[in-house]
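My entries follow the model below.

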Amino acid sequence: MPAQSDIGLPPVGMENSSLANLKLDDEVTGLPLESGMSLSHWLATVRNNPLLDYRSSEELPSKADVVIIGSGISGALTALNLLESPNPPRFVVILEARELCSGATGRNAGHCKPDLWRGFSEYAERFGKSQALKVLDNEREIRDALVDFVSRNNIDCDVWNGKTLDFLMDEEVVARSADNMRAFKAAGGDASLVDVILDPSQAEKLMNRISRVKGAKAVYAWNASTLHPWKLVAFVIKRCLKLGLNLQTMTPVTSVSGSRNNWTVHTSRGKISTPTVIHTTNAYSAALLPETKKSMTPIPHMCNLVYPPSTHSGSKALSNSCSVIYKEGLYSVNPRSTSDGAILFGGVQPNQYCLEEYVEAKESRKYDDSLKDFQPITDCVKELGKNGFLWDEYKTPKTGFGVRYDRSWSGIIGLSADGVPYVGAVPGKSGQWMSCGHNGHGMARTFTCSRGLAQLVQGSEWKDTGLPECYQVTEERLRGEKYRQHNL
């Protein structure tokens, strides 16, 4: 069973880090499934949207200034930053293997939850205190950028902005969190943006009011957002199309050949010549970048859709996103309070080890997002529903509706060896770039990662991006070696 870090709580988005020891077999291609993939809530709600299978031209272009592989949030925002720059490329193509935004972005639980403090001790252990603080500061900037972008453009993407709450359910978790917060403050971290309740009676009172789950020992709360990620990507893509983007969905890339600034992108429909290739393929990066096989672990992750009973609907519906954290595991809860009120449960529940065992039994399962209704994970969600929310799926209520555990789906998370993304130039392949390995935390990182990557592609130096230095792609990181602080 995955255990919590001995240092403290895992950073937001690194709850899966215990699975990063699953290595890749050289015979596994790592390409996305062509058919049979599970259907996420986001993809299920946009089946009539023409962008799903959109192609800007009937024929695949033969040449482009920039080819971006992947149409999730990273690919879309990188394209937008390039096209809106003072000196934009003349012709940008996005290639998507399947439907638009059908990878991890289109399969997540809808959170944009920046890590303002929780990952400090683990990041400090890996990268040093100054880099740890820079990582956390960058995440705060990203969430602010997302809120501003959505508000300024009046984007219809079911956005909710408010306080997300970490409910700590065990004394061991409380103690580790307190140690981490003390270390964060001692290093100069700004804790003013995090509300902390360490009185168990007050924590219980707040938990009862917000989620009606009993047993909280402490609460940490800070600003976060939830949203419909596919709708956000669709807005960005529409804006890019107006700026001249050529989008080609249902066009899997099979290989990239060539040499320095003279690349050929091979697809199922032909090939494109380009000086610049940008990989925003995340967990699927090894298929086209074999050098990532030692440093990137793909792993399916489950998300459960639950329709709450009448006792938690209407005026009594849940409002805030939250995490319910036990020493055995973590549940993330997105109540979609600005939209349909369906509750999405993600996280790393106590039965996560069952998923690890399932994946280890067959190599191809690392990339298989056909997995749905994985019973051990669903059982955990039902356990929280029964003992936490007091939902009894087998008992008919006297009035109203009972709880409905509707379905679950999978998405493939790209776990980097050191817990932070790989951003920048692919070593030894001039003209190829990447933003991959977002550890299930891409929504809280891609706004600045994509902006920084676009700057690098157009000739800026790393220091101009404002990104943490530990994000930069190096040969050492791709070999899985420990980050070297003296490179700063």
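I looked up Asp190 first. Asp190 is partly exposed, because its relative accessibility is 37% (buried is under 20% relative accessible area, exposed over 50%, partly exposed in between; 1.4 Å probe, protein chains only). I then checked its partner. Asp190 and Arg140 meet through their side chains in a salt bridge, 3.6 Å from N to O (a side-chain nitrogen of Lys or Arg within 4 Å of a carboxyl oxygen of Asp or Glu). The pair links distant parts of the chain, 50 residues apart: Asp190 sits in the loop between helix H5 (171–186) and strand S5 (195–197), Arg140 in helix H4. Helices (H or I, at least four residues) and strands (E, at least two) are DSSP runs, numbered from the N terminus. Arg140 is also partly exposed, at 26%.

I noted the ground rules. This is a predicted model, where local features need pLDDT of at least 70 and side-chain atom pairs count only at pLDDT 80 or more, while totals for chains, interfaces and linings use all residues. Residues are numbered from 1 along each chain as its sequence is written, and side-chain values use heavy atoms, with hydrogens and water left out.

I searched the whole structure for salt bridges and got 30. One of them joins Asp65 and Arg90, with the closest N and O atoms 3.6 Å apart. Asp65 lies in the loop between helix H1 (41–44) and strand S1 (66–69), and Arg90 in the loop between helix H2 (73–83) and strand S2 (92–95), so this pair ties together parts 25 residues apart in sequence. Arg90 is exposed at 77%; Asp65 is partly exposed at 21%.

I also found a salt-bridge network of Asp158, Lys231, Arg336 and Asp340. I followed Asp158 and Arg336 to His228, which touches both, along with Trp42, Thr45, Val46 and Cys157, not counting residues up to four places away in sequence (contact: heavy atoms within 4.5 Å). His228 lies in the loop between strand S6 (218–226) and helix H7 (229–242). His228 is buried, because its relative accessible area is 1%.

Last, the cores. The largest nonpolar core has 82 residues, and Trp230, Leu232, Ile237 and Tyr471 touch the most other members (a set of buried Ala, Val, Leu, Ile, Met, Phe, Trp, Tyr and Cys residues joined through side-chain atoms within 4.5 Å). Helix H4 (residues 129–152) gives the largest share, 8 residues. A second, separate core of 26 residues includes Phe167, Leu206, Ala216 and Val403.
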